[in-house]
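Here is a brief report on one protein chain.

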Amino acid sequence: MSSTMAAFEPGPAAMAPIVSGDAPGENWDRMMAAAQVGDANAYRTLLAQLAPWLRRYYARRLPPAMTEDAVQDVLLAIHEKRHTYDPARPFGPWLAAIARYKWIDRLRSLKAEAAEPLDETIGVPDHGDTVIAGSTFRQLLAGLKAPQAEAIRLVKLEGYSVEEASRATGQSVSLIKVNIHRGIKHLTNMIKAAGDAD
């Protein structure tokens with residue numbers, strides 16, 4: 001197996017449910033039930049909310065070039081199978097099952113693709129600067145108050161919306177914004193102080 005495939009191979013933890021009953025969009029159950037009885041607005045809103053969540057899910061599990069296709073596969077599967085959703089049950093596990101199956105399908109397609117032998121003369125880029133920068137940034141984040149570091153990590157690094165970060169941390173939307181602003185200001189001051197010390 002190639003090292004690329006090994007990086008995305010599902011382990012036991014990956015097979016656990018990926019969405020709890022309290023899915024990131026707590027109204028997803030109601031929106032899907034409304035969509036089943038013909039509420040087109042609820043259906044459009046549901047799909048619009050699912051797309052960013054699915055992008056984050058696949059960004060951690062698939063090569064970047066496959067992420068958007070996997071998201072579209074899931075949205076299409078939801079559309080085709082929406083009649084099978086039981087409104088008496090939580091939407092999260094139903095979504096999780098579809099996302100997981102589509103993920104495994106994508107992994108299988110990676111295995112099925114013929115691997116081309118690499119030319120021995122291909123240069124390999126040096127990622128040392130990136131690794132050092134990432135390590136330095138983690139050290140800088142560690143110097144912030146925990147709520148500030150968490151808000152910056154979720155919104156600026158992981159791509160959460162302010163509302164999603166609010167739900168994930170329990171901080172209000174306005175507090176997330178304040179923590180990001182103050183945290184970035186503090187990071188700037190720490191960087192300036194380190195530059196002055198040199």
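## Charged pairs

Arg108 and Asp105 form a salt bridge, with their closest N and O atoms 3.8 Å apart. This is a predicted model. Both residues belong to helix 5, and they sit three residues apart, about one turn of the helix. Arg108 counts as exposed because its relative accessibility is 55%. Asp105 has a relative accessible area of 38%, so Asp105 is partly exposed.

The structure holds five salt bridges. Another of them joins Glu164 to Arg56, where the closest N and O atoms are 2.9 Å apart. Glu164 is in helix 8 and Arg56 in helix 3, so this pair ties together parts that are 108 residues apart in sequence. Both Glu164 and Arg56 are buried. Asp73 also bridges to Arg106, with the closest N and O atoms at 2.6 Å. That pair links distant parts of the chain: Asp73 lies in helix 4, Arg106 in helix 5, 33 residues apart. Asp73 has 26% relative accessibility and therefore counts as partly exposed. Arg106 is buried, because its relative accessible area is 18% and the cut-off for buried is under 20%.

## Helix 4

Helix 4 covers residues 64-81. Its 18 residues should span 26 Å at 1.5 Å a residue, and the end C-alpha atoms are 26 Å apart, so the two values agree. The buried residues of helix 4 are Met66, Thr67, Ala70, Val71, Val74, Leu75, Ala77 and Ile78.

## Nonpolar cores

The largest nonpolar core has 29 residues. Trp28, Leu50, Leu54, Tyr58, Ile78, Phe91 and Leu95 have the most contacts inside this core. Helix 2 (28-36), helix 3 (40-59), helix 4 and helix 5 (91-112) each supply at least two of its residues. Helix 5 gives the most, with nine residues. A second, separate core has 13 residues, including Leu141, Ala149, Ile152 and Ile176.

What does Phe91 touch, leaving aside residues up to four places away in sequence? Its contacts are Trp28, Asp29, Met32, Leu46, Leu50 and Tyr85. Phe91 counts as buried because its relative accessibility is 0%.

## Aromatic rings

There are seven aromatic pairs. Trp28 has 2% relative accessibility, so Trp28 counts as buried. Ring pairs also link Trp28, Trp53, Tyr57, Tyr58, Tyr85, Phe91 and Trp94 into a cluster.

Two arginines lie over rings. The charged end of Arg56 sits over the ring of Tyr160, 4.4 Å from its centre. Arg56 is also the salt-bridge partner of Glu164. Arg61 lies over the face of Trp103, 5.9 Å from the ring centre.

Gln148 is found in helix 7, residues 146-157. Its relative accessibility is 9%, so Gln148 counts as buried. Gln148 touches Asn179, Arg182 and Gly183, not counting residues up to four places away in sequence.

Helix 8 runs over residues 162-169, with Val162, Glu164, Ala165 and Ser166 buried.

Note on methods: Residues are numbered from 1 along each chain as its sequence is written. This is a predicted model: local features need pLDDT of at least 70, side-chain atom pairs count only at pLDDT 80 or more; totals for chains, interfaces and linings use all residues. Side-chain values use heavy atoms; hydrogens and water are left out. Helices (H or I, at least four residues) and strands (E, at least two) are DSSP runs, numbered from the N terminus. The expected span of a helix is 1.5 Å times one less than its number of residues. Buried means under 20% relative accessible area, exposed over 50%, partly exposed in between (1.4 Å probe, protein chains only). A nonpolar core is a set of buried Ala, Val, Leu, Ile, Met, Phe, Trp, Tyr and Cys residues joined through side-chain atoms within 4.5 Å. Contact means heavy atoms within 4.5 Å. Rings of Phe, Tyr and Trp (its six-membered ring) pair if their centres lie within 6.5 Å; planes under 30 degrees apart count as stacked, over 60 as edge-to-face and the rest as tilted. A charge sits over a ring if NZ of Lys or CZ of Arg is within 6 Å of the ring centre and within 35 degrees of the ring normal. A salt bridge is a side-chain nitrogen of Lys or Arg within 4 Å of a carboxyl oxygen of Asp or Glu.
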